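Good morning, and thank you for joining. I would like to take you through a few local features of one model, which I now put on the screen.

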Amino acid sequence: MSSSSVALARKINPNVALDLQPDKIRLPIPGERNVLITSALPYVNNVPHLGNVIGSVLSADVFARYSRARNYNTLYICGTDEYGTATETKAQEEGISCQELCDKYHSLHAKIYKWFDIGFDYFGRTTTQQQTDISQEIFLKLYNKDYLSEDIVIQLFCEKCQRFLADRFVEGTCPKCGYEDARGDQCDYCGQLLNSVELINPRCKTDSSTPITRKSSHMFLDLSKLQQKVEDWIEKVSVEGKWSANSKTITQSWLKEGLRPRCITRDLSWGTPVPLKEMEQKVFYVWFDAPIGYLSITANYTNEWEKWWKNPDQVKLYQFMGKDNVPFHTVMFPCSLLGTDEEWTLLHHISTTEYLNYENAKFSKSRGIGVFGDDAINTGIPVSVWRYYLISCRPETSDSIFTWKEFISKNNNELLANLGNLVNRVIKFVVAKFNSTVPSFSYDSESEQRLIKNVNDLLKNYIDSLENIKLRAGLETAMEISRQGNGYLQDSKLDNTLFEKNPEKCASVIGVTLNLIYLLSAIFSPYMPSVSECIIRQLNAPLRNIPDTFAMDIEPGHQIGKAEYLFKRIDEKMAEEYVNKFAGESKDKVKKVKKSKKSSKSTNNAITSENSKS
């Protein structure tokens, strides 16, 4: 018989195979568990670094893959956030149009996420007609229900450019630390959030001229009128959705201060136009219309998008992001939807991360510090190792640190020594001793039953962890199940002697362990999908679901494929080389000037008080 997997006989429980149908347009199914997943829309003005990847898209992907493997009806939506000041600034720096910049970086983001095996159902963008239509419709409903008001804001105005200067078109001396090149929204040196009018000696970033202050009319969303509505909703859903302590703390801090009107328009050209005649030269502020991007991207995926987003009784919404984005998803965006008095699918569970730092420093593209998406690709290290390490150090409750020493250690001492060893040892043994065919076997002896019980206990913990978005704990449990398999092989003394002197016991060990490997292919699939594909190729088996209990789904007479290595050792000496390669320019080399003695008048400028996206 040919060794080709096509010709090999399969004897597998037909009920375990997954039928993912990736090209099928997914809509909610009445009576089923419908899971809608979003990750924070990455801003389009730069290359994502590892902290960006683990903070939203990778974490969401793990949960989406888990949900599909549990046969939940799942839709995972994401896309690039393309409007706003940062786009205009970056386009100006690169000497191209805003649309050209968005096209360039959207493609770059898509390429990086594809390499990272991020399994979006749809990866879109916010520069679409659907974004304009839905954003304007929500705005007008809020306007007609008296949740919007017009007010005057004092802003910096460049007389040479003849335009109001958005935060990132202004630089000057930080009033807090004296750094000369602070931006209008934040000082990159001390991290202090700023209003552009607070800068000492402000200058226009375009022509270096000194701007003046001038009044400008803007639209405000009166969150104070919506506070009771959003508080009642948060009190209910934060318990039902099991929000993390950090998410609840950040949200409650906003509510305790008392919600105030927030400016939702900007004096920019690149953005969603405000649909009022008196505001026709203005666009929506990015934090008003960026979350609406979840809706518009879904609308680009399917014309029946409202079946997902206006279906709170049948759809549960899970959202993934860094902690700095929390109040915009738990307060501002829900307020925008609640104010329309329509039945929206609002947030059920929010999963946030703290910060991932790089070798005790912050990621910085400008200073070349840290590993960015394209850097990871160019190292030649397989994507599964990156996914495994990033999830294993996911900053779920506190900041964590990426180190090359730990990265290499986890590859060599965990992936290779544990999972890789188990799979390779068993597959090679079956090929060599059983002619690649699963023997008849029993599993009712004490050692097999003990293994099955231990695996079932761990599998229950794994499912509980993933259901509650405890991704690190789930990964640790998956590795422990693999360790149980290695321990079982060790206790059973699987070798040539066992094969020759106790063939019945040897057959039991092989049959049970092959089925354990099949289970491992399922529980590792959310974390390392390409590794799972390699395992099922060796097993000559279909991608399978994640079951409630461990069962013998590969039956006697089934023929497996050829052995392949799942992982390769990385030389420990490479750690120092990688550290030096991505060390960049240290913060000590960044020029800090003495704090200016000059004072500047501070204006209560509501338009720049919101956290700008970086």
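The residues of helix 2 that are buried are Thr85, Ala86, Thr87, Glu88, Thr89, Lys90 and Ala91. Buried here means under 20% relative accessible area, exposed means over 50%, and partly exposed lies in between, with a 1.4 Å probe and protein chains only. Helices (H or I, at least four residues) and strands (E, at least two) are DSSP runs, numbered from the N terminus.

Before going further, a word on the source. This is a predicted model, in which local features need pLDDT of at least 70 and side-chain atom pairs count only at pLDDT 80 or more, while totals for chains, interfaces and linings use all residues. Residues are numbered from 1 along each chain as its sequence is written, and side-chain values use heavy atoms, with hydrogens and water left out.

To return to helix 2, residues 85–94: seven of its ten residues are buried, so the helix is largely enclosed by the rest of the structure. What covers those buried residues? The cover includes helix 3 (98–115) and strand 5 (163–164). Just after helix 2, Gly95 adopts a positive phi of about 70°.

I turn next to an open sheet of three strands, in the order 7-6-8, with antiparallel pairing. Its edge strands are strand 7 (182–183) and strand 8 (200–204), each of which pairs on one side only. Two strands count as paired if DSSP finds at least two bridges between them.

Strand 6, residues 170–173, is joined to strand 7 by two bridges, and the two run antiparallel. In strand 7, Ala182 is the bridge partner of Gly172, and Arg183 stands opposite Glu171. How many bridges link strand 6 and strand 8? There are three, again in the antiparallel sense. Thr173 stands opposite Ile200 in strand 8.

**Asn421**

My last stop is Asn421, which lies in helix 13, residues 404–433. Asn421 is partly exposed, its relative accessible area being 34%. Leaving aside residues up to four places away in sequence, Asn421 touches Leu416 and Asn486; contact means heavy atoms within 4.5 Å. Asn421 and Asn486 are 65 residues apart in sequence, and their C-alpha atoms are 8.1 Å apart in space.
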